[in-house]
Amino acid sequence: LRVQSNNEERSEGTSMNKGIEFKQLLSQTDLSDGRSIERYAVQLQGMTFRDVLQLGITPPGSKDRQYGDARYKGGMGTLLEERYFGYKANSDELPDFPEAGVELKATCFDVRDKGQRISAGERLSLTNIHYDRPIELDFDSSYLWKKCSKILLVYYQRDKTIDKYDQKIEYVCLFTPPEEDLKIIRDDYEKIASYIRAGRADELSESLTTYLGAATKGATEARSWVDQYYPCINEDGTLVHKKAKKRAFSFKRQYMDFVLNHYLKDERSDSDPIVDSKSLEHATFEEVIASRIATYIGKTDKELAEEFGMGGKTLKGHWAALVYKMLGVRSNKAREFIKAGISARAIRIEEKGNVKESLSLNTIDFLSLLKETWGTSELRTYLEETRFFFVVFRKCNGEYHLTGSAFWNIPMSDLDNEVQRCWKETQQIICEGVVFTKQQRQTGCVVHNNLPGMASNKVAHVRPKSGKRAYRLHDDMNTSIGELSDASELPDGQWMTTQSFWLNNSYI
């Protein structure tokens, strides 16, 4: 007991000394100078949030707060503001350090692939989008730019197995979006502003833009809808002020992933850029991309494959490669597409006008799906965040000719209606138990299931991606087909071929 007491006294004394040291560092920090703020902030690296609390720094007149409570707005960012920088947190539109023009943002990263890779855990919310007032037309004079021109990024490792206060801060950096990104961010802002000014804020989604998104806000479905300041003009000429979901300007998760790994950690990217600042001087990112594809319109897939040294063949895996070759990218890794979460897909239209294939989406983890809610589900998050780039080939006289390209994102009306219905039906069937029916054919036993098929939904359906079949069923014959590596476990202990969500070819 005496040893334990002595250890506790030493620990308390160490914390007190450290607190005095950091209070002195804070008193020497010039809060009107961004670099001075950054020099003080980098001392956070290696500290946990509990370590920060033990420094004993508090703003005047502050009260104890439960920063780790999920219901508490601000969380770890507010903790750093009040218990490390010693000022009272607020929600005004000025940067956290107004004299320096610096905004403090605490955000998380996850460790993936058995510790081999880190990835930004979430989008970076910048500031609320206001629907009750006019929006600035010019990005450079907007309140948004004041919030994101200088961001003090504090990245901590998210670990859900430990207390929030014990999560460790790993990276700290004063960040300004580089010039190569700013033109695209400005164009994103103008697109979002154009929807708001047209009274169409209800049509906004994160997948509408490239790096800067309009992320949903609001704790409950009912409270998240508000009136728009700008009216929408109906087809008959009447004006109506529609309700729209609360949203905030944010840097997309994929963009923050690139910022973390290549701007903060300074890791070399193995991706190739499509555009440069010069090509964006008089055109938007979308216009540049479309013009690159347009130069090849009319050529067949075989002509393109031969031109790009692919041997004149267009096997299944080569369709996507053709897209990147036309964009001037050596591999299938286009830097801007990675930053923006853009999925490039080749679409083939048959001679009768129908699209040949459905569009594959997420692989389904049956056990995880049962724990999800629609609003935060993997499927909804993917479709809301992902922007698709379609490059279209039309079949004529037995050959596929390039006809054009388009950026596309799923409309929120389709996402939160038909796609949601497909997801809910899938979840319910998995919960109640998938019904299997077997059919004997000359090629062997074929197993059917009652998951939502293409005929049951206008937009989406469920089926496997791979042609490999695998089942372990608890039927009267203990049916066993294929390898378990090609199957996923169901809640009842049976195994079935791994399934995926798809967008119907008729919808595409």
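**Exercise 1. Find what share of the contacts in the protein, among those with a separation of 6 or more, joins residues 24 or more positions apart.**

Begin with the term: a contact means heavy atoms within 4.5 Å. Next, keep the contacts with a separation of 6 or more, and of these, residues 24 or more positions apart account for 67%.

The model is a predicted one, in which local features need pLDDT of at least 70 and side-chain atom pairs count only at pLDDT 80 or more, while totals for chains, interfaces and linings use all residues. Residues are numbered from 1 along each chain as its sequence is written, and side-chain values use heavy atoms, with hydrogens and water left out.

**Exercise 2. State how many helices and strands the protein has.**

Helices (H or I, at least four residues) and strands (E, at least two) are DSSP runs, numbered from the N terminus. Counted in this way, the protein has 14 helices and 23 strands, and its C-alpha trace spans about 80 × 65 × 55 Å along the principal axes.

**Exercise 3. Determine how many disulfides there are, and decide whether cysteine 422 is buried or exposed.**

In general, a disulfide is a covalent bond between the sulfur atoms of two cysteines. Here the rule asks for a pair of cysteine sulfur atoms within 2.5 Å, and the count comes to 0 disulfides. Cysteine 422, for instance, is in no disulfide, as the nearest cysteine sulfur, that of cysteine 431, is 16 Å away.

For the second part, buried means under 20% relative accessible area, exposed over 50%, and partly exposed in between (1.4 Å probe, protein chains only). Cysteine 422 has 0% relative accessibility and therefore counts as buried. Buried residues make up 46% of the 508 residues in the protein.
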